[in-house]
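Morning, everyone. I'll take a few minutes to walk through one structure. Have a look at it first.

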Amino acid sequence: MSLIGISLILLGMMAASVTPPSFPEAVNLPAVTELPDPFLLANGDRVHTRSQWREHRKTLLSSILHYEYGELPPHTRKVTAYPKSERHLTNPDSLEQDMLIKIGEKENIQTRFFLTTPDSEGPFPVIVTGDIGWGRIKPEIVSEVVRRGFALAEFSREEIAPDSAVRGGVYAAFPDYEGGRLAAWAWGYHRLIDYLCTLPQIDKSKITVTGHSRGGKTALLAGATDERIALTAPNNSGCGGAGCYRYQEEKSEDIAIILKNLGYWFHPRFHQFIGSIDHLPFDQHTLKALVAPRALLSTEALGDLWANPKGTQQTYRAAKEVFDFLGASNKIGIHFREGGHEQGYEDWKTLLNFADYQFFNKEPTYDFQRLQFPDLPKVYSWKSP
Ligand code: GCU
């Protein structure tokens, strides 16, 4: 090999070795005991303008994906629906279409898909849920959704990627893909939205995503990462969702427990924060803030201590600083009900009420900014600039 050839290789190696990693290891990140300031820039300055926020938001998003969930799988534009059957429902009159959705150039990712639309003039706002692996949404809830003029789209996250360490679905289609299940499932929501956006009966400006528990964590991540989503509505999503990592209640799930039992939901890098959560450069209020200025509602249950209700109020308050900054104070809401871990009729009605308020300016039936725990001190000292 010529001298020039060798020096080019050496230069290449030097360049590769001096490229700094874009994100330091947890031990090299500063310890921050309070909820980190989402307005803080890398140079120590703070965001002052909305256009600065737009830029900074991208950095926050990359950081959350890098450390916590992993990147979403590669985008594929090919999403095809294969109709199976349809039936007319009554009370109220509506149409339920049963389809198989195939995703990807090779159509090697697929999910069952049900679309229920009111029997009236569209286009309809739509609510997307990925939870049919747990059973279809109950008929009285479907009736309520349709009666209120919304379409309901149901698919199965678990077909997009199995809820286990098995590398099926997205993982079989993209063997090098390293993100966790929550990122893969969020991508599934996005692909179903690709399909919904091709339908004339769907109002593309009024797309809502919801999900329960692990489905709620997914819905929040989906809403934070796709600006086509107008309303993001995680239910009882807790740890890794609307809950807080730094502020824990006695019986709530924390990073060590969730990673021990369900580590494959996250990127393997997230493990470095077990026992050093103060080094995490964000908390879940930051993920919520990425939804702003689009609408965000988290529905919570007072008896669901595992999902950290008080910690969820903490992330709500901190995220609201960003909504305030963006002139979207009324776009963020939180609702607590009595009872335990489920997404039941009351949660769906609350979601519909919030959606009616956001999309159609209907008088809110509830004060969505009411603090359930008014005496709980804030766990951050910074303010909206
Ligand atoms: C487990 C897990 C929770 C999750 C829940 C669910 O309890 O620890 O984080 O929210 O399952 O998805 O039902």
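Let's start at the ligand. Helix H7 and helix H8, residues 255-262, each give at least two residues to the shell around the ligand. Bear in mind that this is a predicted model.

Which residues are around the ligand? They are Trp134, Ser213, Arg214, Lys217, Glu253, Ile258, Leu262, Trp265, Trp306 and His341. By class, that shell has five nonpolar, two polar and three charged residues.

A polar side-chain atom of Ser213 sits 2.6 Å from a ligand oxygen. For Arg214, a side-chain N or O atom is also 2.6 Å from an oxygen atom of the ligand. Glu253 places a polar side-chain atom 2.5 Å from a ligand oxygen. On its own, the ligand has 320 Å² of accessible area, and the protein covers 81% of that.

Back to H7, residues 214-224. Ten of its eleven residues are buried, so the helix is largely enclosed by the rest of the structure. Lys217 is one of the buried ones, and Lys217 is also in the ligand shell.

Next, strand E5, residues 151-155. Why is E5 called largely enclosed? Because five of its five residues are buried. Ala151, Ala153 and Phe155 point one way, while Leu152 and Glu154 point the other. In a regular strand, side chains alternate between the two faces of the sheet.

E5 has partners. Strand E3, residues 109-118, runs antiparallel to E5, with four bridges. There, Phe113 pairs with Phe155. Strand E4, residues 124-129, runs parallel to E5, again with four bridges. Val126 stands opposite Ala151. Finally, E4, helix H3 and E5 form a right-handed β-α-β unit.

Conventions. Residues numbered from 1 in each chain as written. Predicted model: local features only at pLDDT ≥ 70, side-chain atom pairs only at ≥ 80, totals over all residues. Heavy atoms only, no water. Buried < 20%, exposed > 50% of the residue type's maximum accessible area, 1.4 Å probe, protein only. Pairing = 2+ DSSP bridges. Right-handed = clockwise from strand over helix to strand, strands pointing away. Near = heavy atom within 4 Å. Polar contact = N/O pair within 3.5 Å; in protein donor to acceptor, adjacent residues only side chain to side chain. Areas by Shrake-Rupley, 256 points an atom, 1.4 Å probe, with all protein chains shown as cover. Nonpolar A, V, L, I, M, F, W, Y, C, P; charged D, E, K, R; others polar.
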